[in-house]
Amino acid sequence: MNQEPTPYPEINQILLDLHGCVADILGDLYVGMYLYGSLTTGGFDLSRSDIDFVIITTGHLQPPTIEALESMHLALLESGNQWVKKLEGAYVPEAVIWRHNPHHPPVPTLNEGRFYLGPLGSDWILQRKILKDSHVAISGPVLDEMINEISTDELKDAVREVLYHWWVPMLKNPARLEDPGYQPYAVLSMCRSLYTLSTGELVSKQTAANWAQRSLLADWSGLIGHALDWSEGDETQSIPQTIEFMEHVIELCRRL
């Protein structure tokens, strides 16, 4: 088992604690535990980033096991540990992690402090690519061999799917942007979407935002800079300007 999967001792401890609990509950159903997101692509920020993980299982989990996992996660959340609140992940069967299938049965998911059953959306094509390339395991076999090859066209199609089904509707109902942390997240996500559609490559949000500052009109430099520098407790940047930026980037993406 990897005792130091990240450069942060406090995060390593919560990941190892979670691993122990999960392994006890799953038993022979457990295959491996892996990291993705900013902890593997770069740009992780202790004050704002999530701790993204995936647990691979031999098959779809049954209700008693799911209930045990839910009780475990709720107990961890109630402990008051600040790092537990940043945990976000899913329990994914080997057959589902191998190839994206939008019609697979829902899987146990932890997101924004909620534990629930849900499908893995098109964004998981991107997450699977990160997992395949990053090789950051708490324990388990090499994940590269458990995920099929993901083409550049598949990556671009996944980005378009997320843009049109998640971000475009937000232009008409931008309530989520009122969350101080979500507004910079939206700006950085726009930058990464545009970068991937322009280059066919996946990079961290920070890398994509730095590229966007050089590539887009200077008018957007301040908004992107604010998103890059934002920390918890900072004020939200202009919501109308953010929506205007999203509209601009989405139109650029449509042309690619």
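**Exercise 1. Describe how helices α7 and α10 pack against each other, starting from the handedness of their crossing.**

*Solution.* The crossing of α7 and α10 is left-handed, that is, the near helix is turned anticlockwise from the far one by less than a right angle. The structure is a predicted model, in which local features need pLDDT of at least 70, side-chain atom pairs count only at pLDDT 80 or more, and totals for chains, interfaces and linings use all residues. Residues are numbered from 1 along each chain as its sequence is written, and side-chain values use heavy atoms, without hydrogens and water.

Step 1: geometry. Helix α10 covers residues 239-255 and packs with α7 at an angle of about 15 degrees, the axes being 10 Å apart. Axes are lines fitted to C-alpha atoms, for helices over the stretch in contact, and angles run from 0 to 180 degrees between N-to-C directions. Helices are DSSP runs of H or I with at least four residues, numbered from the N terminus. The angle therefore makes α7 roughly parallel to α10, the term for angles under 35 degrees.

Step 2: residues. On the α7 side the contact (heavy atoms within 4.5 Å) includes Gln183, Met190 and Leu197, and on the α10 side Ile239, Phe245 and Cys253 are among the residues.

Step 3: composition. The contact of α7 with α10 comprises 13 nonpolar, 3 polar and no charged residues. Here Ala, Val, Leu, Ile, Met, Phe, Trp, Tyr, Cys and Pro count as nonpolar, Asp, Glu, Lys and Arg as charged, and the others, Gly among them, as polar.

**Exercise 2. Determine how α8 is oriented relative to α9, and which residues meet.**

*Solution.* Step 1: the axes of α8 and α9 come within 10 Å and cross at roughly 160 degrees. This makes α8 roughly antiparallel to α9, the term for angles over 145 degrees. The crossing of α8 and α9 is left-handed.

Step 1: Gln206, Ala209, Asn210, Ala212 and Gln213 of α8 meet Ser221, Ile224, Gly225 and Leu228 of α9. By class, this contact has 4 nonpolar, 5 polar and no charged residues.

How values were computed:
Helices (H or I, at least four residues) and strands (E, at least two) are DSSP runs, numbered from the N terminus. Angles under 35 degrees count as roughly parallel, over 145 as roughly antiparallel, 65 to 115 as roughly perpendicular and the rest as oblique.
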